[in-house]
Amino acid sequence: MSERALKYLSDNRERLLERLQEFLSIPSVSTDSVHKNDVQRAATYLQTYLTEIGFQQVQQIETNKHPIVYAEYMEAGPDSPTVLLYGHYDVQPVDPIELWDSDPFKPEIREGRLYARGSSDDKGQVFMHLAVFEALMKTEGKLPLNVKICLEGEEEIGSENLYTMLQVKKELFQADFAVISDSGMVAKNQPTILYGLKGFTGIEITVTGPDHDLHSGMYGGAVRNPIMALSHILASMKNDDEVVTVEGFYDGVEALTSEEKELIKQVPSEDFVKATGITETVSEKGYTAKEHTMARPTFEVNGIFGGYQGEGTKTIIPTSATAKITCRLVPGQDPETIQRLLEAHIKKVAPKGVTVEVKKEKLSAKAYKVEPNHPLIQKAATSYTKAFGKEAVYVRMGGSIPVVEWIDHLYTIPIVLLGFGTPEDRLHSPNESFPLDSFDKGMETLVYYWHEITNG
């Protein structure tokens, strides 16, 4: 099975690349209503391709905004496993357009990379799966397992309607395990098993003092400055050792085992100082920078504003100040509980003379983790190694993919994160690209993986 499918992919490589470029040429920017019809065109493109491949049931499930493309192949029989493949066909805006070296929706291949918006996140990786299914159908006349496909058009706007659809149509999407390719590798051509993701939650704090800006000479010393009050609150929430000082924040957090520390130690890491321009790294006391970014919770102030921002000096006590805070969470932490703890701490330490409002972020997600020695994960590692010629490394990612936690919560099935992007892909930025090495070896990995699942 594997050899015939691999030969098909090799023989048809240029045609498949052209087809991918057609897909990438559709500006399916979900954040901008101007592109509503383009998002619809991308969904229809996928529906047409899936029908051509041979999926029996292909449909667009309407939502309050952009459709979910659903397809299924159930001819492998009741004794064969069923996989749910998730991906998304919407893309980020291209701004600032002047920083692109080529048109983001006119794909170009330069120096072994395919440049276009969505080439890595996530159209390119979605297309690889479909191309492999095409190869298997054309060479074998069937797929080796049952497949359900869920491709959404709202991932870049927080998957506004996906959770509801997964919940309402639970039986339709039910499977034995899920596969998601919306992530990457720690380095080009370095197979990477992503076995954990951080959760996410956030709040916004607004501190209000006087009902209008005041002359600082006339009122300084009598009126609490909201910016100073906000600074006091923020400084009380994390100490110099990067330890969060909010009571209860670490309750329930799983200890980082010596085995996991060893796995993390083996992962190639970017040079944080060189890559970011900082003078030195800082991390939670007792943990390395890699351990903290991958497996420990974080507390970050993402934005702070208030008062006069113009040129020169304006001697005022401002009426208000605001800070935006997000936390990346690990297993054992509940987003809503963390929000309550943050709010309680803020109310406890808030200075007199001001009022404090806490607005809770609606989009939250729990952390996800699967055991690295799970059979489905080990089969993925074997498949990566066959294709890339290197042993896979095992990582937990500092980022969050809410759909992973949703599938875990609703379906309680293992989720395999098979990513093929690289750190140089410039996701969400100008000049997004995807290496052709990942395109070729990624599809090879998928062919091996489906073989491992059904025959390994």
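Predicted model: local features only at pLDDT ≥ 70, side-chain atom pairs only at ≥ 80, totals over all residues.

Reader: How many salt bridges does the structure hold, and which parts of the chain does the pair of Glu-254 and Lys-369 tie together?

Author: The general idea is that side chains of opposite charge can pair when their charged atoms come close. In this structure there are 25 salt bridges, including one between Lys-238 and Glu-242, whose closest N and O atoms are 3.0 Å apart. The side chains of Glu-254 and Lys-369 meet in another, at 3.7 Å from N to O. Glu-254 lies in the loop between α8 (226–235) and α9 (258–265), whereas Lys-369 belongs to strand β15 (residues 368–369), so this pair ties together parts that are 115 residues apart in sequence. Glu-254 is partly exposed, with a relative accessible area of 42%, and Lys-369 likewise counts as partly exposed, at 26%. The pair also belongs to a network of salt bridges that links Glu-254, Glu-260, Lys-369 and Arg-396.

Reader: Turning to the sheet of four strands, what is the order of its strands, and which of them stand at the edges?

Author: Strands of a sheet pair through backbone hydrogen bonds, either parallel or antiparallel. Here the sheet is open, its order is β11-β13-β9-β14, and the pairing is antiparallel. β11 (298–306) and β14 (355–360) stand at the edges with a single partner strand each, so one side of each has no neighbour in the sheet. From one strand to the next, the twist averages 20°. Strand β9 (residues 199–208) pairs with β14 in the antiparallel sense over six bridges, and Thr-208 stands opposite Thr-355 in β14.

Reader: Which helix packs on this sheet, and what angle does its direction make with that of β9?

Author: Helix α12 (residues 335–349) packs on the sheet and touches β9, β11, β13 (320–329) and β14, while its direction makes about 25° with that of β9.

Reader: Is Glu-204 buried or exposed, and what does its side chain meet in a polar contact?

Author: Glu-204, which lies in strand β9, counts as buried at 16% relative accessibility. A polar contact of 2.4 Å joins its side chain to that of Lys-324. Leaving aside neighbours within four places in sequence, Glu-204 is in contact with Thr-322, Ala-323, Lys-324, Glu-357, Val-358 and Lys-359.

Reader: Finally, which residues touch the most other members of the largest nonpolar core?

Author: They are Phe-55 and Trp-450, in a core of 104 residues. Helix α4 (residues 123–140) gives this core its largest share, 10 residues. Apart from this core lies another, of 24 residues, among them Ala-229, Leu-234, Ile-338 and Leu-342. As for Phe-55, its contacts include Leu-50, Ala-71, Tyr-73, Phe-133 and Ile-149, not counting residues up to four places away in sequence.

Technical notes. Residues numbered from 1 in each chain as written. Heavy atoms only, no water. Core = buried A, V, L, I, M, F, W, Y, C linked by side-chain atoms within 4.5 Å. Buried < 20%, exposed > 50% of the residue type's maximum accessible area, 1.4 Å probe, protein only. Helix = DSSP H or I, 4+ residues; strand = E, 2+ residues; numbered from the N terminus. Contact = heavy atoms within 4.5 Å. Salt bridge = Lys/Arg side-chain N within 4 Å of Asp/Glu carboxyl O. Pairing = 2+ DSSP bridges. Axes fitted to C-alpha atoms, helices over the stretch in contact; angles between N-to-C directions. Polar contact = N/O pair within 3.5 Å; in protein donor to acceptor, adjacent residues only side chain to side chain.
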